[in-house]
Structure formats: structure tokens, C-alpha cells
Amino acid sequence: MEAAVLEQTHRQPAAIAAVELARVTVRFTTERGAITALENIDLSVPEGGFLTLLGPSGCGKSTLLRVVSDLIRPTSGSVRILGGEASAARARRDIGFVFQDAALLPWRTALENVTLPLEVGGRNSRPGRRTPKELLALVGLSGWENALPHELSGGMRQRVSIARALVNDPRLLLMDEPFGALDEITRDRLNEELLNIWEETGTTILFVTHSIYEAAFLGQKVLLLAARPGRVRETVPVPLPNPRRIEQRESLEFIELAAHLRRVLETC
Amino acid sequence: MSASTIEAAPVPETFSNDDAAQARFEATRRYLAWRRRLLPVIATVSILVIWEVSVHLFDIKPYIAPAPTAVAVKFVEKFGLLMTNLGPTAIEAISGFLLGNIAAVLIATSFVYQRTVEEAFFPVAVMVHTIPVMAYAPILVLLLGNGMSAKVAIAAMICFFPTLVNMTRGLRNVNPQHMELMRILSASPTEIFFKLRFKNSLPYLFSALKIAAATSVIGAIVGEWIGSTTGIGALIIQATYNFDSPLLYATIVVGSCFSAFFFGIISWAERISLKWNVAETI
């Protein structure tokens, strides 16, 4: 399997890779037999990079994020996160995770949800440069600090969840289909905002999606995964200039890229 | 920073000022609220009126079925007696409620952390739960004597099982993503318990507590049937044996009013502490 080396972004090439996976395989044993979720995944993302993971359902995209965040131990292969063990990076709070359906604690207000990472984990819970209140302002939720999750729309909940993931200034942000359940208008808006946050914080982002347009618009590179077993099909660099604007999706390069991604996906 | 310039909040101008429409909306809402309150009252009053008329019309003997007015007269006449008997029953029911539920919560917690304990003791709890309260009440009176402790124990046992089952489920049914979040944050087991599992179990706990509020009173009353001289249960037995049906009915009214009051307090506590849980609170 060819190594998917993502050595170039528009930023300075970093000395160490933020994420470095070599021949990572994950197998689960279930009552219906063993399943290979990921097979021989090679992957490298430089610090400050933005990689989108695109693939059909069952290709192990979510499993891959869970390997990177030390929630799942790979059956074999090596995982280096920010130059060390994934567990060490997690313990240092260098990893922020944004879940599919926001995963806010329903009994906590927006502000209390953002504050949660500072309350748990004992000595690991160092505060970041920005206060929880400033982070809520960053994601456009000033004035909603005391709202409970059920009082917020799906898009607003996901904004809170992004603010929560940023509270420890993570060097690596993992996003598991964060905008999958949102309407297209909200999703477009949040895509642009996410790119702004990425520019401003300089964090590395791994973004899982099943939307071709989202993958192409956000990523500096798109990693295409094939299903059953989950494996790398192709790594596609995105030729769009930075900073990105939503109108760029009407450009010829973008349309060609999306068409290419679709053709590859059909064979996955 | 353009992220913060994008409007996230719905602007107030979304709602235009149409006073007439607003007034109509408010009037409909008030009407519906009154309807909801009045209909049960009308239904209750109708039943009482039909009952009263039937007793006179068919000349039913007071010891077979007393007229509501006779019950009301007895209630006023024997108010002191009824209240002195409510005292012990209330104490037994509340103590049993606390004891049974605290035990259930602690055991549910041990179930969640020690599967072995659950595997060993849950079948035992199910077995005990299948025994009717009328069957184990005499056993507990024999074991604990004729004092209050036997009644407290009966009330506790009747509360125990629903809370155990609900609480175990509530502590365990944690959103897997919340669990993953806690693991990413390196949360300690204590933090996971108090900041996630326990909070998550509260809606389950309260639905069990609402059941327990009513059943603990039943437990205390059943306990008093066996050789007790005071309490609502004892008064029920005495009134029955004396063919004093009006007193029997008045006693039942006092007992069920207390149950309803207890239930109301728990519902109120639920509303206060579960504001976030829109699915459960009506």
C-alpha cells in the first residue's frame, strides 16, 4: 500500500507530522464473526494540515478517528500523534474531538458544556488561551451562554461542541461527520466558519464526512477510503487557493475535483 | 474574524407586532388551561352527585355504601381521629420510601460497577419482588415485632424494586458519545459517575420515585393491617369490623389524599431538577 504523505499545505512544512499512521489494522470480533474495520492504513498529516476523510458507510472513517484519539487500540500497526503516543497526546489535551450529534450534556448550559473539559481530568485540564465565553463568541454564540442544549438548533449545538473541543487549545482537532445532520444552508455557513477557525488557531484538523462537496471544499487533501475492509483508495490534493470562499465551489477546478471524487467513490 | 460576524441568533424582528392575533392566541391558551383544570373537577363532581342520588333513590343501607354527604359529615366529625392515625402512617411511608430508595440507588450503583454483584443478586431481587406484599408483610411483622419498624420495612421493600430496575438502567444507558468524550478528557471514574452517569439517571430515578411515593403509602397501610392499633391501616380494619362504612370511606379518602400529596411533592421536585429534560416533563 502506497503511503499517503501529505507533505504540503499552504503553511510552513512542519518538522514533525501531527498524525502518522503506519500499516494500521483494526479487527473487531463480534458474535457474527471477525470484522476488519481498517486494513493497512498508511497516513501522514503535517502539523497545521486539514485532511478530509471521505468514503462510503462502513469504510471505517469513524474507527480511524477513534484510533487517532486513543479510544480504540489498533490490532496492529503504529500510531504516532504529535511525535509521541496517542495516549500521551490525549492526556496532554492535545486532541479535541467533535462528535456527530454534538454530544452536549443536556443538563448543562452552553457555557457549562464548553467549561466541562476544564472541570474533569484533574491536572490535565489546563485552560487554553481563550476563556469558554470567548470561545462561544468565536463560534457566534454570544448571548446564548445560559441556553440549554434543547433550546438550541442543531447548528448551534454543533457550534457549542466545536467551542468545547477548542477549550484546551488542542493541536489536533478530530471531527466525526459534525455537520452531517444539518441542513445545507447551515452546513455551508459552518464550513466557512470552520475554515476561519482553522486559519486562526493553526490547529491540525482531521474531518470525516460522507459529503463529496464538504470533503473537497474543506480539505487541503482528501483521503478516499474504500469499504469492507476499510482501506486507503486514493489521496487527492485539493487545487483550490486559500483562504476558501463558498463561491469557489462554482469554479471549474472544484467541479472537476468533485467529479473525480465521485468516480473514485463509485468503485469503493 | 468573520466567524463571529455571522448571525447565529434569531433576530427579534422575526416576530411582528400583531396585537389582535396575540390576544387571540393568549385567549385560546387560557381557555385550554382552564379546560384542563375544570374537566376533572366536573367529572368528579358528577360521579359524586350520581352516587348521592343513587343511594337515596335505591335506599341503599349506609353500612353497604354510604352517601358522599355521610362520608363528608363523618370526615368533619372524626377529623381529629383521622389525623392522629395519619401521623404514624405518614412517618412509616416516608421512612420506608427513603430507606427503600436509598438502598435501591446504592445497590444499582454497585450493579453498574460490579457486574458480578448484579449477576448474583438481581435474580434474588426478582424472586423477592414476585412475592405479594400480603405474603411477606406477616413475615416482617414476625421478624421485626409489632412496632413501626415492620411497617417501615414493608414500605421500603415495596419501593425497592422499581427504583432498582430504573436506576440501574439510568446509570447504564449513557450516550456512548458522552462516554467517549469523558475518556478523551481523561475523566476519573468518580467524575464519570457524578458528572455523567448520575445526572443521566435522574429522569429514570424520578419516574421510579413517583411510583414509590404512592406504593410506600400502600406498604405502610398493609403493614398496619396486621395487629396494629394505630394508623390508617388499623383504622380501615376497625371501621370495617364495626360496619362503620362512612368512617371507612373517610379513612380511605385521607389515605389517598396523602398519597396524592406525596406524589405531588415528588413531581414538583422533578420539575425543579429536570428542567433540561423536555421529553419527560409535561
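Is the crossing of α3(B) and α10(B) left-handed or right-handed? In this predicted model, α3(B) and α10(B) cross in a right-handed sense. The residues that meet are B:L82, B:L86 and B:A90 on the α3(B) side, and B:A250, B:T251, B:V254 and B:F258 on the α10(B) side. Sorted by class, this contact holds six nonpolar residues and one polar residue, with no charged residues.

Two packed helices are described by the angle between their axes and the distance between the axes. The table gives these values for two pairs.

| Helix pair | Residues | Angle between axes | Distance between axes |
|---|---|---|---|
| α3(B) and α10(B) | 79-113 and 245-273 | about 40 degrees | 11 Å |
| α8(B) and α9(B) | 189-225 and 232-241 | about 50 degrees | 6 Å |

The crossing of α8(B) with α9(B) is right-handed. From α8(B), the contact uses B:A220, B:I221, B:V222, B:G223, B:E224 and B:W225, while α9(B) contributes B:I232, B:G233, B:A234, B:I236 and B:I237. Eight of the residues in this contact are nonpolar, two are polar and one is charged.

**Chain B as a whole**

Chain B contains ten helices and zero strands. In sequence order its pattern is α-α-α-α-α-α-α-α-α-α. The C-alpha trace of chain B spans about 85 × 65 × 30 Å along its principal axes. Its radius of gyration is 25 Å, whereas a compact globule of 282 residues would have one near 19 Å. Of the 282 residues of chain B, 33% count as buried. Among contacts in chain B with a separation of 6 or more, 76% join residues 24 or more positions apart.

**Contact between the chains**

How many residues does the contact take from chain A and from chain B? Chain A gives 33 residues and chain B gives 25 residues. On the chain A side, α2 (86-91), β5 (95-98), α4 (132-138), α5 (154-166) and α6 (184-201) each supply at least two residues. The largest share of that side, five residues, comes from α6(A). By class, the chain A residues that touch chain B comprise 19 nonpolar, eight polar and six charged.

Methods:
Residues are numbered from 1 along each chain as its sequence is written. Chains are lettered from A and ligands numbered from 1 in the order in which they are written. This is a predicted model: local features need pLDDT of at least 70, side-chain atom pairs count only at pLDDT 80 or more; totals for chains, interfaces and linings use all residues. Axes are lines fitted to C-alpha atoms, for helices over the stretch in contact, and angles run from 0 to 180 degrees between N-to-C directions. Helices (H or I, at least four residues) and strands (E, at least two) are DSSP runs, numbered from the N terminus. A crossing is left-handed if the near helix is turned anticlockwise from the far one by less than a right angle, and right-handed if clockwise. Two residues are in contact if their C-beta atoms, placed from the backbone, lie within 7 Å. Ala, Val, Leu, Ile, Met, Phe, Trp, Tyr, Cys and Pro count as nonpolar, Asp, Glu, Lys and Arg as charged, and the others, Gly among them, as polar. The radius of gyration is taken over C-alpha atoms; the globule rule is 2.2 Å times the number of residues to the power 0.38. A residue is buried if 20 or more other C-beta atoms lie within 10 Å of its own, exposed if 12 or fewer, and partly exposed in between; C-beta atoms are placed from the backbone.
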